[in-house]
Amino acid sequence: MTPSDADYQRAVELLRAGELVALPTETVYGLGADAANPAAVAKIFAAKGRPADHPLIVHLAGHDAVAHWAEQVPDVAWELMETFWPGPLTLILKKQAWVPDAVTGGQDTVGLRVPGHPVALELLRRFAAVAGEHAGIAAPSANRFGRISPTTAAHVAEELGNSVPLILDGGPCSVGIESTIIDCSRSEPVVLRPGHISPLHLEAVLGHQPAIETAHGAPRVSGSLAAHYAPQTPMRLVTGERLLDFLNAQRHRGGRCGVLSTNQPPQAGMPHDWRLLPADPVGYAHDLYAALRAMDHAGVDLIVVEALPDSSEWAAVADRLRRAVAGAGQS
Ligand code: TXA
Ligand code: MG
């Protein structure tokens with residue numbers, strides 16, 4: 001799953017020419033373009049069918065590039081970078097005046113991340129070697145707008161195949177859900193999107209758990225739209241206690257369900273498609289999007305997700321499930 005030297009060269013040539021390249025990161029696959037080239041960035045929005053006022057994350061090869069993109073970077077932001085980069089944490093910072101509106105959605109801030117995937121880092125280093133040491137790759141998740149983020153190269157081909165000239169294959173993503181986003185442009189850091197880096201991890205640097213502000217419906221963070229990360233099949237969350245009754249009722253109606261659960265089926269011979277997911281939040285996040293995608297392909301009538309514990313360690317997974325339920329079955 002390691003791209004060849006020729007693959008990297010082609011990727012860099014495409015980026016330099018203002019074309020798109022899909023790349024693996026440790027969270028999900030991204031759809032990348034030269035972040036300093038507004039015409040190239042516009043192609044991302046066209047390929048995804050995404051509204052143009054949604055800001056993108058700029059991926060960098062290392063901390064050294066940060067000051068080129070952001071200004072007034074507070075000390076706490078540098079500490080977060082030291083601790084969590086390369087890794088699944090995106091920082092929102094005041095942008096430098098030159099940063100294109102195409103990247104920031106016209107806002108005065110920019111999202112920055114040094115990803116932890118070796119293929120992403122190698123591409124970023126090679127791109128910076130020819131485009132300038134501070135060069136960055138703007139990349140949203142490589143899915144069509146509102147749909148499930150891709151965690152393998154095959155998922156990217158399924159979502160965007162014809163509109164991306166090159167998909168770098170780096171194997172399945174290790175984290176499986178999008179990066180934690182923390183806004184450091186305000187007086188106090190605030191989490192805009194929960195992720196693998198949890199409030200508890202952040203507490204180690206901040207000295208307290210940051211507030212989480214996932215304003216439903218606000219377009220500032222597109223993942224914060226109530227409906228997002230959604231499969232095409234309708235979806236329901238059902239508590240463990242009600243699950244068996246619910247599934248039996250569906251069966252009487254002739255409906256076949258795809259069930260996502262951390263437990264074995266309560267009885268044998270159920271006519272439903274049962275998928276066992278890991279009972280820990282990290283393992284569950286890793287498998288979640290591939291499982292939702294598989295359910296879409298399995299042709300079930302309804303995806304039933306057994307509700308998860310209501311604790312902060314499950315917050316990121318619960319956030320994605322809530323939005324998936326809100327958007328499911330709409331396309
Ligand atoms: O893990 C990830 O973050 C993946 C990989 C490819 O890095 N990327 C990703 O990108 O999830 P995307 O575009 O699907 O989600 C990025 C989120 C969006 O919700 C966007 O609104 C938010 O980051 N964002 C970017 N810049 C922002 C800014 N200046 N202010 C507030 N939110 C911002
Ligand atoms: Mg996305």
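Helices (H or I, at least four residues) and strands (E, at least two residues) are DSSP runs, numbered from the N terminus. The structure is a predicted model, in which local features need pLDDT of at least 70 and side-chain atom pairs count only at pLDDT 80 or more, while totals for chains, interfaces and linings use all residues. Residues are numbered from 1 along each chain as its sequence is written, chains are lettered from A and ligands numbered from 1 in the order in which they are written, and side-chain values use heavy atoms, with hydrogens and water left out.

**Figure 1. His272 in the loop between E11 and E12.** His272 is buried, with a relative accessible area of 10% (buried means under 20%, exposed over 50% and partly exposed in between, with a 1.4 Å probe and protein chains only). Its side chain reaches the backbone nitrogen of Cys257 at 2.9 Å. Apart from neighbours within four places in sequence, His272 is in contact with Leu247, Gln250, Arg251, Gly255, Arg256, Cys257 and Val259 (contact means heavy atoms within 4.5 Å).

**Figure 2. Helix H9 and the strands that cover its buried residues.** Helix H9 spans residues 240–252, and its buried residues are Leu243, Phe246, Leu247, Asn248 and Gln250. The elements covering them include strands E10 (235–238), E11 (257–261), E12 (273–276) and E13 (302–306). After H9 comes Gly254, with a positive phi near 80 degrees.

Figure 3. Arg293 is buried, its relative accessible area being 2%. Its side chain is joined to that of Glu158 by a polar contact of 3.1 Å, and a polar contact of 3.1 Å also joins it to the side chain of Glu159. A polar contact is a pair of N or O atoms within 3.5 Å; within protein, one must be able to donate a hydrogen and the other to accept it, and residues adjacent in sequence count only if both atoms are side-chain atoms. With residues up to four places away in sequence not counted, Arg293 touches Arg147, Ile148, Ser149, Pro150, His155, Glu158 and Glu159.

**Figure 4. The crossing of helices H10 and H11.** The axes of H10 (residues 281–298) and H11 (residues 315–327) come within 10 Å and cross at roughly 25 degrees, so H10 is roughly parallel to H11. Angles under 35 degrees count as roughly parallel, over 145 as roughly antiparallel, 65 to 115 as roughly perpendicular and the rest as oblique. The crossing is left-handed. From H10, the contact is made by Pro281, Tyr284, Ala285, Leu288, Tyr289 and Leu292, and from H11 by Val317, Arg320, Leu321 and Ala324. These residues comprise nine nonpolar, no polar and one charged (Ala, Val, Leu, Ile, Met, Phe, Trp, Tyr, Cys and Pro count as nonpolar, Asp, Glu, Lys and Arg as charged, and the others, Gly among them, as polar).

**Figure 5. The crossing of helices H1 and H6.** H1 (residues 5–16) and H6 (residues 118–131) have axes that come within 10 Å and cross at roughly 55 degrees; H1 is therefore oblique to H6. H1 contributes Asp5, Tyr8, Gln9, Ala11, Val12, Leu15 and Arg16 to the contact, and H6 contributes Val119, Glu122, Leu123, Arg126, Phe127, Val130 and Ala131. Nine of the contact residues are nonpolar, one is polar and four are charged.

**Figure 6. Ala97 in the loop between strand E4 and helix H5.** This loop lies between E4 (89–94) and H5 (101–104). Ala97 is exposed, with a relative accessible area of 72%. Ala70 is 27 residues apart from Ala97 along the chain, and their C-alpha atoms are separated by 8.8 Å.

Technical notes. Axes are lines fitted to C-alpha atoms, for helices over the stretch in contact, and angles run from 0 to 180 degrees between N-to-C directions. A crossing is left-handed if the near helix is turned anticlockwise from the far one by less than a right angle, and right-handed if clockwise.
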